[in-house]
Amino acid sequence: MNNEEMNYKLGQIMGLSQEELRHRLIEAMGRIDFLMTHDMQLQMNNVRYGTSIITHLVETKEIKDYNVCFFNIRNMAGINAIAGRDAGTAVMKDFVGGIEFFLSGRETIFRMGGDNFTVIIKKEKTEQFIKMIKGTKIKVPGPADETVIVSAVAGIYECDERTTLDDAMDNSLETMNLAKFSRHVSHLFYNKEIASIIMNIKRVENVFPDALKNGEFTAFYQPKVNIDNNKLTGAEALCRWVRPDGVLPPGAFISVLERSKRICKLDMYMLEKVCKDIRMWLDEGIPVVPVSTNFSRMNLQTPDIVPSIISVIDKYQIPHELISIEVTETKEDEEFQRLKEFVNELLSYGIKVSVDDFGTGYSSMTTIRDIHFSEMKIDRSFFLYNDETEDRNLVMVRHVIKMAEELSMSCIAEGAETIEHIALLKSMGCRFVQGFFFDRPLPENEFRKRLNEPYYK
């Protein structure tokens, strides 16, 4: 039976003339096409529609006039938790609607899924888009008449006549991911430098599993020194990746691994490496000082993370006072609560916890008010001041040191590199420092010697 005969039979069954049936079929096909190209939750274009627009612009060579911007709305989980999912969806819809309002012609915004979106926008209007994603006040539906500041992070790909659909979509996404894990960045433009970074990211992600399996990661120990008597009092275990072509510093791979749960595997691996070293020193009768090891906030998403940490420490029969955990502060409400629970649970096992890079986040005062850290590490940026900021920095450092003392927290200054830094910190009551003035991070065999000779001359 051909199509014409099938339509005739269908028309008879439905009691419709062929013209009426044809009209119904056209309407149905239109609805199907609409459903396939639109996101029904937000009543907007979806990725199928958006990619068809980019494909058309590529084919007509008009793509050179546009930028493709992949963006992620920040903290939607927090907004949903506070306002409810329906209100959160309304907030998200208002935010993307505000961007859509100033688009025209072939410019398009479409949903990639979740809180991820892409904008195809004329190059001369990109700054308008950037301004909006830095923060827009949105009313939250409900009787309270509350508003929230909604912002986003974006990766921007500047198209040219050679741009393909894959270029635009893949590079804007990867650039957004890079911006998302950079501090205090609202957007990044794709360029040669970004391309090189992205290539390195993919290389690190690809070789990491085998590198971990092959034991290519090791600990270098940076001493912590009491400047009252120049005596070694502790150390921070810093990860180094020993490759056949040389030793990679943390900056070459840590930020890459923090983009996913890979960093959690490395953190547990490093804890075990540190415990093995401490067990060896103890067995050899070497005087041991407490060693801190870093844990990414990604670990807060891992169920039973604290029992896993304790299990490793106890496996090597390490006295709990010889291990401390370093974490960085957070400004996300939901993550903050998990961090508080993480710290309290570690403290209950007698494991000390340090807040690292204090002073670089937005919520420092809230952090140390609500979470009972054992140690505060002052970020080295306090010492990298110029003539215009010197007085203000000194006031801040002095009060931070005093505040730590009154909160029964030890205070250690990172990045002490000169005799002037040491003298300044001593004058303000800071007793402990970590920095190149005393030692660079040392491999295990050199740190072992330092343990046996704990005083610096």
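Two strands count as paired if DSSP finds at least two bridges between them. I also note that helices (H or I, at least four residues) and strands (E, at least two) are DSSP runs, numbered from the N terminus.

**Entry 1. Ground rules.** The model is predicted, so I kept in mind that local features need pLDDT of at least 70 and side-chain atom pairs pLDDT 80 or more, while totals for chains, interfaces and linings use all residues. Residues are numbered from 1 along each chain as its sequence is written, and side-chain values use heavy atoms, with hydrogens and water left out.

**Entry 2. Whole chain.** I looked up the overall composition and found 16 helices and 19 strands. Of the 457 residues, 47% are buried (under 20% relative accessible area with a 1.4 Å probe, protein chains only; exposed is over 50%, partly exposed in between). I then turned to contacts (heavy atoms within 4.5 Å). Among those with a separation of 6 or more, 67% are between residues 24 or more positions apart.

**Entry 3. Parallel pairing around S15.** Strand S14 (residues 323-328) runs parallel to S15, and five bridges join them. Thr 328 stands opposite Asp 356 in S15. On S15 I also found strand S16 (residues 375-378), paired in the parallel sense over three bridges. Ser 354 has Glu 375 in S16 as its bridge partner. Six of the seven residues of S15 (residues 352-358) are buried, so this strand is largely enclosed by the rest of the structure.

**Entry 4. The open sheet.** I traced an open sheet of five strands with mixed pairing, in the order S4-S5-S3-S8-S9. Strand S4 (108-113) and strand S9 (187-189) are at the edges with a single partner strand each, so one side of each has no neighbour in the sheet. The twist averages 20° from one strand to the next. Inside the sheet, strand S3 (residues 66-73) and strand S8 (residues 152-158) are antiparallel over seven bridges, and Asn 72 has Val 153 in S8 as its bridge partner.

I checked two helices against this sheet. Helix H3 (residues 47-59) lies across S3, S4 and strand S5 (116-122), at about 130° to S4. Helix H7 (residues 165-180) lies across S3, S4, S5, S8 and S9, at about 140° to S8. The axes are lines fitted to C-alpha atoms, for helices over the stretch in contact, and angles run from 0 to 180 degrees between N-to-C directions.

**Entry 5. Helix H4.** In helix H4 (residues 76-83) I listed Met 76, Gly 78, Ile 79 and Asn 80 as the buried residues. They pack against S3, helix H5 (85-101) and strand S7 (147-150).

**Entry 6. Nonpolar cores.** A nonpolar core is a set of buried Ala, Val, Leu, Ile, Met, Phe, Trp, Tyr and Cys residues joined through side-chain atoms within 4.5 Å. The largest has 83 residues, and Phe 217, Leu 266 and Phe 342 have the most contacts inside it. Helix H10 (residues 262-283) gives the most to this core, with nine residues. A second, separate core has 29 residues, including Leu 42, Leu 103, Val 150 and Ala 154.

I followed Phe 342 further. Beyond its neighbours within four places in sequence, its contacts are Leu 300, Ile 305, Val 306, Ile 309, Ile 325 and Val 327.

Entry 7. Val 312 is in helix H11 (residues 305-315) and is buried, at 10% relative accessible area. Val 312 and Met 268 are 44 residues apart in sequence, yet 8.3 Å apart in space, C-alpha to C-alpha. Not counting residues up to four places away, Val 312 touches Met 268, Leu 271, Glu 272 and Cys 275.

Thr 136 lies in strand S6 (residues 136-139) and is buried, at 17%. A polar atom of its side chain is 2.8 Å from the backbone oxygen of Met 132.

Asp 439 is in the loop between strand S18 (432-434) and strand S19 (442-443), buried at 15%. Its side chain makes a polar contact of 2.5 Å with that of Tyr 456 (a pair of N or O atoms within 3.5 Å; within protein, one able to donate a hydrogen and the other to accept it, with residues adjacent in sequence counted only if both atoms are side-chain atoms).
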